[in-house]
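Thank you all for coming.

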Amino acid sequence: MTGLPATVDDAYNAVNPDVPLFEGEADPRYVDLTAVRGGEDLATLIARRIRRCDRASSPTFGKLLFTGHRGCGKTTELFRLKHKLEEQGYFVVYFDVEEELDIADVSYLDVLVTLAQETERQLRRSEVMAVELKPELLENIARWFGTTVITEEQSRDVERVLEAEYGLGAESPALVLAKMLATVKGEIKSSSQRRQVYRHQLERNVSDLITYVNDLLDDARFRLQRKGSAGLMVIVDGLEKVIYREIGEEKRSSHEILFVEHGEQLKAPRCHVIYTVPLSLLFDRNVAQVFPAGYFVVPMVRVAEEDGGECRDGRDALYQVVARRMDVGVIFESADLVGQLVEMSGGHVRDLLRLVRYAFDYTDERVELAHVERACQRLVNEYDRLVRDQDLPHLLQVHRQRRAPTDSEFSLLLFNLLVLEYRNGQPWADVHPAVRATRKFKEYMDECI
């Protein structure tokens, strides 16, 4: 390929692991990894399911979960799904919870408020299919939000406060509601003292909140249909990054509280919706009961086979992930050096891009063997800090049996990427190569021989 970065400085930003391919397959950097991820084109499968839901005699909405290891390429796949649905005439609302909320403390209430806000905002601002929702409806929703979350001191003169602070009666209802929802979400995100107050008020009135969210969605779907749209889809990305915490005396996990205890509320919006969730959550048996439509998993790219042999197709595909971002022949002393980084990544795309960047940190010229070795050791050191002594027996068990863990004891190993899951028809797993390279894992394995 021509026009690719040919210096370390120019290539550095081309391998930013935090930047997904927003254009999906249209991005020249895109590499189709379907065949080396188990053979399932998830974007196509989900788009087909959504389309079939809309062909039912009465409206049915897909409530789906989307998961995989953090950094495996879920967001890129979700943008592929977004483009496929848009090509079929759907209006797709996409937002990333990590950008909109405090990922360390996310409530289902926060998600519902943000879903309503983003749907209204993206419909109003769309260049392709701009939709203005019913003014009377928006004013009613704004008035409800105002009277629900307004402070005790302000409650003596609700109308005056709504008019003075939010422009009710002077500005368009859409802008008033947008301003109000932005205020609520801002307080929720800022970790201010008002966060718990807002949540308490919304929790007390959660049935009303869901009713108003659905009123908004119903009007949105109606107006989209009149413009020829096939339907409305909401993609909620970033929820898999919600911090794992044990809460209360029963030590319920923050993931269980959000997705299981409040799963019914997350399913309440009257539209198609897909939520990203932590891979470790799949080992909670209640998830499948709450979300019976099931889940879709993005596996790791196979760089090795289940029997330990090399997977050449997977390694070649990941080599292309790097080669489509830079002129490998100019920047690397040898193409084999990229192969070493691919092997150490374990098929984890974000770790591969991190490793390339780490190698760049040690040179301003061509990348040589010493730079690659230092990059790999740096990743090993990072994973070494995550491995606890009590993890070692479980890690060794996974490595020997090559089996995807099915017990809750293993969930944190998956969440921390110490264990990676692959697909070759059936799921299987292995310990991350960087973990296998740590001194503590190697010494423990030697002790157990």
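What you see is a predicted model, and across the chain the pLDDT averages 88, with 93% of the residues scoring at least 70. The stretch I would set aside is residues 152–156, where the pLDDT falls below 50 and where, beyond near neighbours in sequence, the model shows three contacts. Where pLDDT is low, the predicted coordinates should not be read in detail.

Let me move to a pair of helices. Helix α6, which covers residues 135–149, packs with helix α9, residues 194–204, at an angle of about 120 degrees, and their axes are 9 Å apart. Since an angle between 115 and 145 degrees is neither roughly perpendicular nor roughly antiparallel, α6 and α9 are therefore oblique to each other, and their crossing is right-handed. On the α6 side the contact is made by Trp144, Phe145, Thr148 and Val149, while α9 brings Arg194, Tyr198, Gln201 and Leu202.

Finally, the aromatic rings: how many aromatic pairs does a search of the whole structure find? The search finds six, and among them is the pair of Phe332 and Phe360, whose ring centres lie 6.3 Å apart and whose planes meet at 45 degrees, so the pair is tilted. This pair links distant parts of the chain, 28 residues apart, with Phe332 in the loop between α15 (328–331) and α16 (335–345), and Phe360 in helix α17, residues 349–361.

Key. Residues numbered from 1 in each chain as written. Predicted model: local features only at pLDDT ≥ 70, side-chain atom pairs only at ≥ 80, totals over all residues. Heavy atoms only, no water. Axes fitted to C-alpha atoms, helices over the stretch in contact; angles between N-to-C directions. Helix = DSSP H or I, 4+ residues; strand = E, 2+ residues; numbered from the N terminus. Parallel < 35°, antiparallel > 145°, perpendicular 65-115°, else oblique. Left-handed = near helix turned anticlockwise from the far one by under 90°. Contact = heavy atoms within 4.5 Å. pLDDT = per-residue confidence, 0-100. Phe/Tyr/Trp six-rings, centres within 6.5 Å; stacked < 30°, edge-to-face > 60°.
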